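Welcome, and thanks for taking a look.

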Amino acid sequence: MGFLAILNAYTMRISLSIAITELVVKKNHTDIDGEAAVCLADDMDHGTSTGGTYEWSEELQGFILSSFYIGYIVTHIPGGLLAEKFGGKWTLSLGILSTAFFTLITPVAIINGGATALIIVRILMGLGEGTTFPALSVLLAQWVPLNERGKLGALVLGGGQVGTILGNLLSGVLLDAFDWPIVFYMFGGLGVVWFIFFCFLCFNDPTIHPYIKPSEREYLAKELGSLGRKENLAPTPWKAILTSIPMIALVCAQIGHDWGFYIMVTDLPKYMSDVMQFSIKANGLYSSLPYIMMWIVSIGSGFVGDWLITRNILSITNTRKMMTGIAAFGPAIFMVAASYAGCDRLAVVVLFTICMGLMGAFYAGMKLSPLDMSPNYAGTLMAITNGIGAITGVITPYLVGVMTPNATLLEWRTVFWVAFGVLCVTAFIYCIWASGEVQEFNDTPPRKDHDAEERGKSSDKEKQKH
């Protein structure tokens, strides 16, 4: 259900990325400096998308696509704190339900309010979805033993890739056969269905789950210990967390990952439509292929990571660093290479597929670091890293719009070179200073219990009398 939560979250998040190519008026292009500005129409797919009726500039489209992340950033830390205090179940499920509702009303907003109403709805969607990763981190910390964290964490977090696959693939098929509102009705409706099942099937931790066997409950209690935050635990150690060098390294890695990831998730369909000139149906297919590979690698890297740790081949720290390095330096190289493949459609699709495939190793790398560093504050750590990383979700789509006013191949090449630099620098910082060990701030000194102290003093006096 955690996997399906992220799957639904991503289908609702990225559905606009393909739908917007059917909403806006298509551009006319000319040759620039002897090099084709865009590729010729894709005859195999019976022509390109005809586009829509909204005359939105590339800059405005960039802001529309980035507006989701304005709301997404805001609810990360509150979502983590709420999940740690009250449990992840309702923090997660109500957030997804909220996103589903605003997805369902997106067509009404576009038709009646245009770009302004769409931006408002996307911000509200982001507010709902911002709790997803922090709440899931809390649930994973309560349910997943250390020696299974790599594969189960990668499985759950891999819902993002599968959601992106289905979001792109099904959007292309649906937009080819029906009017654009069907995309939002379908994915929003699936989010509501998930919410209903989740409410009845899932619980905050093993101790209150009514369906699992006693042997399963005992096993999880033994493997996980008491990870829940006790009532007498001190407040969240913000200073220790925010000044931790491994935490700063983790934030840097998250920024780099999200910079590359959000460019691909948000703008790859636009690249395939505007530059490669794929039809809407082919766009959905070819935009989804990289995420199929990414999902396969994310699951595989989870198993490999657990094997390396349990066999004592590599420490947790070095395993996370190795996976993160693969997931940053590899995509940086292949992303730029794809822009130099020009109009060779097969080469472009293959290079983007390898690029995103390698990025899947992040999910057995730095994405699991919050659980490694502090099981008690996993929600807060995930909220901080994912929240700061999500700022790139605001920056990158808008920056892409500003850098590609004519949506040409040369303009996009510059976009990929910038992503190359960000990915490499941030991964280098992580590989030097990151840690996979439990940090000191995980076990903060408990609050003083004055009543307990008085009882202790009374007991000592009684013992002295005897």
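Let's begin with a charge over a ring: Arg 13 lies over the face of Tyr 10, 4.2 Å from the ring centre. Such a charge counts if NZ of Lys or CZ of Arg is within 6 Å of the ring centre and within 35 degrees of the ring normal. Please keep in mind that this is a predicted model, where local features need pLDDT of at least 70, side-chain atom pairs count only at pLDDT 80 or more, and totals for chains, interfaces and linings use all residues. Residues are numbered from 1 along each chain as its sequence is written, and side-chain values use heavy atoms, with hydrogens and water left out.

**Salt bridges**

- Two salt bridges turn up in a search of the whole structure, each defined as a side-chain nitrogen of Lys or Arg within 4 Å of a carboxyl oxygen of Asp or Glu.
- Helices here are DSSP runs (H or I, at least four residues), numbered from the N terminus.
- Both Arg 13 and Glu 129 are buried, where buried means under 20% relative accessible area, exposed over 50% and partly exposed in between (1.4 Å probe, protein chains only).
- Asp 372 and Arg 320 form a salt bridge through their side chains (2.6 Å, N to O).
- That pair links distant parts of the chain, with Asp 372 in helix α16 (residues 369–373) and Arg 320 in helix α14 (residues 316–340), 52 residues apart.
- Asp 372 and Arg 320 are both buried.

**Aromatic rings**

- Tyr 10 belongs to a cluster linked by ring pairs, together with Phe 68, Tyr 69, Tyr 72, Phe 133, Phe 261 and Tyr 262.
- Rings of Phe, Tyr and Trp (its six-membered ring) pair if their centres lie within 6.5 Å; planes under 30 degrees apart count as stacked, over 60 as edge-to-face and the rest as tilted.
- Phe 133 has a charge over its face too: Lys 367, at 5.1 Å from the ring centre.

**Around Ala 5**

- Ala 5 lies in helix α1 (residues 2–23) and is buried, with a relative accessible area of 0%.
- Leaving aside residues up to four places away in sequence, Ala 5 touches Leu 92, Ile 96 and Trp 194, with contact meaning heavy atoms within 4.5 Å.

Methods:
Helix = DSSP H or I, 4+ residues; strand = E, 2+ residues; numbered from the N terminus.
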